[in-house]
Amino acid sequence: MLHPTNWVGEQPYFIARDSARHAIVVSIRGTMSVQDCITDCMYKPVLLNADVIGLPHLSGCQLHCHAGVVTATSFILSDLENHGILHRLLLGNTCSLGSKQERKDWHRDDVFGSKRLGGHQGWTLVLCGHSLGAGVATVLSLHLRQTFPSVRVWAIEPPGGLLSAELAAACREWTISSIHGSDLITRLSGPCLLKLRHELVDSLVRCKVNKFTLLARLSCSPDIVEPDDFIMQPGDRENEANVFRQEFEKFHIQQIKDRPLMVAPLYPPGRLLHLRRIPKNGGSEPVLGYEYEVRWISANDLMAQGLLVSRNFFTDHFPDKVVAVLSELSMKSRTKDPTLDRINRLGTFKTEGNHAAPPT
């Protein structure tokens with residue numbers, strides 16, 4: 001089943017059957033249109049309903065979630081309820097109640113046909129997506145897991161500013177997220193943007209040369225540039241730029257006071273698998289152009305890094321790049337890397353000693 005609509009807060013998705021793994025897969029598209037970009041920009045956190053997602057012990061800021069993702073999740077959840085495809089596939093054709101315990105006349109909406117809906121009882125529900133789609137898949141799982149306890153989520157490069165620390169940790173049981181290199185989006189959040197802005201202003205105040213000289217040196221010989229050639233040490237010399245710094249600090253404090261949700265800490269979901277580039281150790285050229293190591297990383301450590309500005313920080317997010325890396329590592333995992341071998345088997349979500357700790 002394919003749902004192609006796309007407006008603000010309406011993510012296209014499709015439902016597929018994986019007969020080899022006995023799984024029903026719901027795949028949600030990531031950012032591709034202007035409407036999706038608007039959904040991405042709806043960052044201001046909103047509160048999820050603790051009772052609806054089955055986490056009644058959470059309250060207040062512990063329930064914070066990206067507003068645009070919540071809007072897109074509500075659209076897909078409503079559409080799934082209207083058609084009842086998942087209920088009929090995984091719970092049987094006799095199911096007549098939706099997850100809200102409201103009677104549904106699903107037999108009148110025969111999208112697949114009764115023969116194609118049968119024979120999937122006991123199969124696993126898998127939600128997946130890239131970027132915005134990964135965020136929607138995760139929040140959707142919070143709503144569906146009480147009806148479908150076998151739900152699993154593969155979040156490919158999810159937004160960094162997605163869930164509160166408590167919600168991100170709760171998803172660890174059924175969610176694995178991939179973080180490729182220095183991907184910008186997986187580290188993007190309000191606090192990280194404010195940190196980058198503060199570092200840019202600090203560098204501007206301490207810069208010894210004009211912009212043209214700096215850009216020329218960085219463009220012509222970036223490998224031999226040393227920070228001390230351009231940046232003064234703190235307190236080296238008083239100058240008029242310090243007045244600018246003081247005015248900026250006043251603006252920064254007032255802005256946070258007026259808009260406190262700007263600094264609300266949000267994190268990527270579940271257990272985080274970092275695909276980190278490592279220096280080549282000689283020998284033949286790697287297939288992907290880089291050597292990679294796979295490691296678990298905590299959400300706290302990832303977001304504490306802030307935005308890593310590099311030549312790859314934008315392209316590391318592209319789905320074709322991520323798929324190529326995951327495919328190559330998956331092939332190697334069968335003989336070389338026990339960590340990848342474990343996650344390569346669908347449904348292996350047991351907590352193990354080498355997993356990163358949840359955000360605290």
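A salt bridge is counted where a side-chain nitrogen of Lys or Arg lies within 4 Å of a carboxyl oxygen of Asp or Glu. The legends below describe close-up views of a predicted model, in which six salt bridges are found by this rule.

**View 1. Arg21 and Asp18 are joined by a salt bridge.** The N to O distance between the two side chains is 3.6 Å. Arg21 is partly exposed, with a relative accessibility of 48%. Asp18 is also partly exposed, its relative accessible area being 22%.

**View 2. Helix 7 packs against helix 9.** Helix 7 covers residues 190-206 and helix 9 covers residues 241-258. Their axes are 9 Å apart and form an angle of about 165°. The two helices are therefore roughly antiparallel, since angles over 145 degrees count as such. Their crossing is right-handed. Among the residues that make the contact are Leu194, Val201 and Asp202 of helix 7, and Phe244, Arg245 and Phe248 of helix 9. The contact residues comprise nine nonpolar, four polar and five charged ones.

**View 3. A salt bridge links Asp202 with Arg245.** The closest N and O atoms of this pair are 2.6 Å apart. Because Asp202 belongs to helix 7 and Arg245 to helix 9, the pair ties together parts that are 43 residues apart in sequence. Asp202 is buried at 18% relative accessible area, whereas Arg245 is partly exposed at 26%.

View 4. Lys250 is exposed, with 55% relative accessibility, while Glu247 is partly exposed, with 48%.

Technical notes:
Residues numbered from 1 in each chain as written. Predicted model: local features only at pLDDT ≥ 70, side-chain atom pairs only at ≥ 80, totals over all residues. Heavy atoms only, no water. Axes fitted to C-alpha atoms, helices over the stretch in contact; angles between N-to-C directions. Helix = DSSP H or I, 4+ residues; strand = E, 2+ residues; numbered from the N terminus. Parallel < 35°, antiparallel > 145°, perpendicular 65-115°, else oblique. Left-handed = near helix turned anticlockwise from the far one by under 90°. Contact = heavy atoms within 4.5 Å. Nonpolar A, V, L, I, M, F, W, Y, C, P; charged D, E, K, R; others polar. Buried < 20%, exposed > 50% of the residue type's maximum accessible area, 1.4 Å probe, protein only.
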